[in-house]
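Let's take a walk through this structure together. We'll begin at the ligand, then look at some helices and end in the loops.

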Amino acid sequence: MNDAFISALGDIPHSRDAAALRVKSADFSWFSPIMSAALAGRLAEVVLSPRTEEEVVRIASACARHRVPLVARGAGTGNFGQAVPLAGGAVVEMLGLEKMVWRRPWSVRAQAGIRLGALDDELRKSGQELRMHPSTKRLATLGGFVGGGHAGVGSVNWGILRDRGNILGLKLITIEETPRLLELRGDDVNLVHHAYGVNGLVTEVELPLAPAYEWLDTIVVFDCFERAAEFGMALATGDGILKKLVSVHAWPIPGFFKPLQLPAGKAAALLMIGAETREAFEALARAFGGEITLCVPEAGLYEYTWGHTTMHALRADRSLTYLVCIFPREDTLGAIKRVHAKLGEEAFLHLEYKRFNGYMTAEGVPLFRYQGFEQMTRLYKAFEAEGVRIANAHTFLLQNGGMKELDAAQIAFKRSVDPQLLMNPGKVAGLDDLPGGISGTALEAAQLPASGWAY
Ligand SMILES: Cc1cc2nc3c(=O)[nH]c(=O)nc-3n(C[C@H](O)[C@H](O)[C@H](O)COP(=O)(O)OP(=O)(O)OC[C@H]3O[C@@H](n4cnc5c(N)ncnc54)[C@H](O)[C@@H]3O)c2cc1C
């Protein structure tokens, strides 16, 4: 690492300790056996921990002057290798920027390094809450959710993060010798959202809020998965019943949730229901033949849903891996049932009901025992044959993941805020490829089909 760069940092806390470099260069890409192999040994050369926006500006300027690549990092809970540095350089850990900037009745502005759990706890004291959060809420940061996240608990009501109105504005620092501070609003926020931090350092984010109801953690079990899926859709679209989470799991997935001790052989729906509409919810569960096995004040049941489902499954059985897919908006249930009938023995279905681009639908995160690329490709194609769209969860390349389309405007924006292509290099294929490109497993993984994330 360039000594002139380190001295340009002045008193900004930084570490070159080997253990710190290892920890802060890693994320949750170990979820994918393919990505684990592809990212092995990728390390930053220094970890920087700015405490103020002024220090972030100084870092941006120093990186530009000394041509040092940099990767922004929140809590490092991303699972697509987003925060893993491919070209050495600096990891900029944003956790020191953790203040709420201001608060209005139905919106909030906070610094990017604030943990979503801490922010939500604060908001709830006065009856509002985040519209949605990842199941990693306790650890994940606001900037990391915007930079690498997609949707989560609350998306059954509010859609996904990129749906218009779910991010109101953000402040961005460009990577130039004299960095600019940009405020993006309206559609422009999506230039930065889910861009893996390749286009500027986000220091503040403004979000709209939702009413904080009294939520109940609830589990309903069913003899048959198809019925559980029908119930999930009825609850998700049942406008009178308050809900925040509708997460449905085919057996054997509930068996991976050891502490919950769910009945063997049954499908399970893990839910958050508004206390005011509990009776209506109970009537709906009865109508679908479900048995309510848990209904208690909110205590973190969501940490078995969304990405946590995969984590619990992998902890129970390391031979498992996953796909990420979205069921079609027409005949969502039909496609779910067809996929389950054809592939259910091999790919265990996990559904998260969510609104997406104005439609109620289900994201699927099927789990299966990994046997190699051939099996993975076969499964991708079998899902696609039923009208299901796939995102490639096994590549760190932004476009190849399929959740974000990088059009000309996105590329032009990237070039304007990071003209030397220093931010998170190697993640945008064709623009900032690493010397020699990618090869082996990483290349094969990048070539897995991804049918995109749009209706
Ligand atoms: C068990 C588990 C469950 C999960 N569940 C969900 C879920 O429900 N929904 C979901 O969407 N995701 C989920 N994820 C993925 C991840 O936890 C979330 O996206 C989370 O919001 C990431 O926050 P983070 O602070 O850890 O970000 P990081 O992993 O640190 O960063 C994510 C990306 O954002 C960039 N970034 C971070 N901070 C900034 C900044 N200030 N400026 C610019 N770029 C920045 C990074 O460079 C990186 O590319 C899950 C992951 C795991 C391991």
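A polar contact here is a pair of N or O atoms within 3.5 Å; within protein, one must be able to donate a hydrogen and the other to accept it, and residues adjacent in sequence count only if both atoms are side-chain atoms. With that in hand, look at G307: one of its backbone N or O atoms sits 3.4 Å from a nitrogen atom of the ligand. For F145, a polar backbone atom is 3.4 Å from an oxygen atom of the ligand. At G76, a backbone N or O atom lies 2.8 Å from a ligand oxygen. On its own the ligand has 970 Å² of accessible area (Shrake-Rupley method, 1.4 Å probe; for residues, only the protein chains shown count as cover), and the protein covers 97% of that 970 Å².

Before going on, a word on the model. It is predicted, so to speak of a local feature takes pLDDT of at least 70, and side-chain atom pairs count only at pLDDT 80 or more, while totals for chains, interfaces and linings use all residues. Residues are numbered from 1 along each chain as its sequence is written, and side-chain values use heavy atoms, with hydrogens and water left out.

Who is around the ligand? Helices (H or I, at least four residues) and strands (E, at least two) are DSSP runs numbered from the N terminus.

Now for the helices. Axes are lines fitted to C-alpha atoms, for helices over the stretch in contact, and angles run from 0 to 180 degrees between N-to-C directions. Helix α9 (residues 225–237) and helix α13 (residues 332–343) have axes that come within 10 Å and cross at roughly 160°. That makes α9 roughly antiparallel to α13, a label for angles over 145 degrees. α9 also packs with helix α11 (residues 278–287), at about 150° with the axes 10 Å apart. So α9 is roughly antiparallel to α11 as well.

Finally, two loops. Most residues other than glycine have a negative phi, and most peptide bonds are trans. The peptide bond from W251 to P252 is cis, with omega near 20°, and P252 is in the loop between β12 (243–249) and α10 (253–256). L421 has a positive phi, near 55°, and belongs to the loop between α16 (408–417) and α17 (440–446).

How values were computed:
Angles under 35 degrees count as roughly parallel, over 145 as roughly antiparallel, 65 to 115 as roughly perpendicular and the rest as oblique.
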